[in-house]
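Here are some quick notes to go with the model. Have it open while you read, and take the points one at a time.

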Amino acid sequence: MIKLKWICLNDRLIKIHYNGAMLTTQLKQFFQFSEFKPGQQEIVQSIVAGRDVVALMPTGGGKSLCYQLPALVSGGLTIVISPLIALMKDQVDSLRARGIEAVFINSSLNFNQINDIVADLKHGKVKLLYVAPERLKNSEFVQLINELDVSLVAVDEAHCVSSWGHDFRPDYMLIQNFIAQFTNRPAVAAFTATATPEVRDDIVKHLGLTNPKIFVRGFDRPNLMFEVQSGLSQKKRKSDLLNLVQSTAGSGIVYTLTRKMSEEIAGYFSANGIKAAAYHAGLEGAVRTRVQNEFMDNQYKVIVATVAFGMGVNKADIRFVIHCGLPASVENYYQEAGRAGRDGEPARCILLASKQDNGLHSFLINKSQEEMIKQGKSRLEINALIDIKYKKLRQMKDYAEAFKCRRLAVLKYFADPDIEKYQNGCGGCDVCLGMSNSKMILDNTKTTKRLKNINEITGTVAQSVDFYQKGFSLDQIAKIRELGVRTIWNHLIEWYAVGGDFRVEEYISKDQRQRILAVIDELGDYSKLRPIKDLLPENISYEQIKIVIAKIEQEKNVIIKIT
Ligand code: ADP
Ligand code: MG
């Protein structure tokens, strides 16, 4: 039997010193898991010690366990506030299957069933009670809770308390008062996968948390490779998409922005001999269920879906998630892309963005504005919400267009401390893998790593160069090597910068070259591409800027060799 140490603080018993080994034993005993997932143990320890906690972990990170285990080792009752009846039922069923006393109270129960549960609660038979936030409006319920010994209130999907989040639930605003009315305030632990700083601040503020310990963990998914191609024409995107799906092993998801597009592309795949099905909210429930089950059953190579495809998709061996269209926000993107590779094996997350995506988003945002007007929202509120949507879209565009390590960009966005590991890039995204030269251009203060000699071109870059010299086009090389065209492009630019014969004239005019040089001159610096791009006309691309920079590097190298 494990010994607990207790201290008395403000008339409350608080457990401390629940060390890791003890918790691991409990984890095995109650959940039959042999070890904690990243971040779980620290979170559990803080909660058990009586701290308020905000835990930000991605979907599938194992948030539920972070309050379920403390619920079992603490003396009192844990109340779990959860937004969806279906989620509650699943969790309660799974706990009960493990022999744990968990119940829910919600609108799906009748009067007698609720009475039975209340009796069990009063007899201290229950460890976890799940409720929807609406329940907190019910004064009888609140009074009942006050008679019980509550040690923890866990708020699941806590981003619902923030209007910055994608699904604000006004009833979540009731939680703060609910907590405030306890004579002995329990610890409060909030959980979410939506981890932007604004949402996090709102959670702390609107739940009235006291000096909470904030955990951001587990956003890094080392087995996922992130790739982006932006500025594609619709036509090019469609053919790239087909090539990618044909050349990538295993099954995957293609996300589209509209229902129409999901059907169109599914049809296009089928016409090209790929087993595909469309999935969107406009299809009948029965069709959706069938498609989802058949996908789980490996009957399709690819599902072409809108964002309606997601909740409950837990196929572990999804090998690719391709976004055919810019998602509305980085959190949407990461959540959807994150469905790839849950088995820990390598998987690709590819974003194919086109300029037209922006227009479509503006249209959708306008439509949502009309919707809000119909719902009677105030002008002020509508404006604020629309601003948020545009800001999120801008951040998503930055991700797609910035020429920086993708993994680092995402981890920064979520403020995950794992960024420390990747200060020099992750080595596993399109930017880091194929584009080490460009990375060096960004970092040209640290000149030590810059290649100086054509003989230093090796590995993946050398392979691309080899195909190029044999006369293959960039598109062909990309297909052969199963890499993005931009990756190949960057290989060739890297080679060009050390004197390789990459025929860049095909990609840049004299006039464009001069304009770019003038801007670099004006700035006196080419360590960052963005400021250069900002001063140039729209039609000059990052690729063209890179050509000019590579040329400067090339000339420098020549000078170094001569001196
Ligand atoms: P989240 O709410 O963060 O999306 P869940 O709490 O639903 O994630 O957990 C995702 C899955 O991980 C569940 O199937 C859960 O049983 C499992 N899980 C949680 N913790 C562990 C662990 N320590 N070891 C193995 N599996 C775990
Ligand atoms: Mg969850």
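1. Start with helix H10 (residues 259–271), which lies across E11, E12, strand E13 (302–305) and E14. H10 runs at about 175 degrees to E12. Contact here means heavy atoms within 4.5 Å, and angles, from 0 to 180 degrees, are between N-to-C directions of lines fitted to C-alpha atoms, for helices over the stretch in contact. Helices (H or I, at least four residues) and strands (E, at least two) are DSSP runs, numbered from the N terminus.

2. Helix H11 (residues 285–296) packs on the sheet too, touching E11, E12, E13 and E14. Its direction makes about 140 degrees with that of E12.

3. A word on the source: this is a predicted model, where local features need pLDDT of at least 70, side-chain atom pairs count only at pLDDT 80 or more, and totals for chains, interfaces and linings use all residues. Residues are numbered from 1 along each chain as its sequence is written, chains are lettered from A and ligands numbered from 1 in the order in which they are written, and side-chain values use heavy atoms, leaving out hydrogens and water.

4. Now the sheet: what is the order of its six strands? Reading across, you get E10-E15-E14-E11-E13-E12, an open sheet with parallel pairing. Strands pair if DSSP finds at least two bridges between them. At the edges sit strand E10 (224–232) and strand E12 (276–279), each pairing on one side only. From one strand to the next, the twist averages 15 degrees.

5. Zoom in on E11 (residues 251–256) and E14 (residues 318–324): six bridges join these parallel strands. Look for Thr256, opposite Cys324 in E14.
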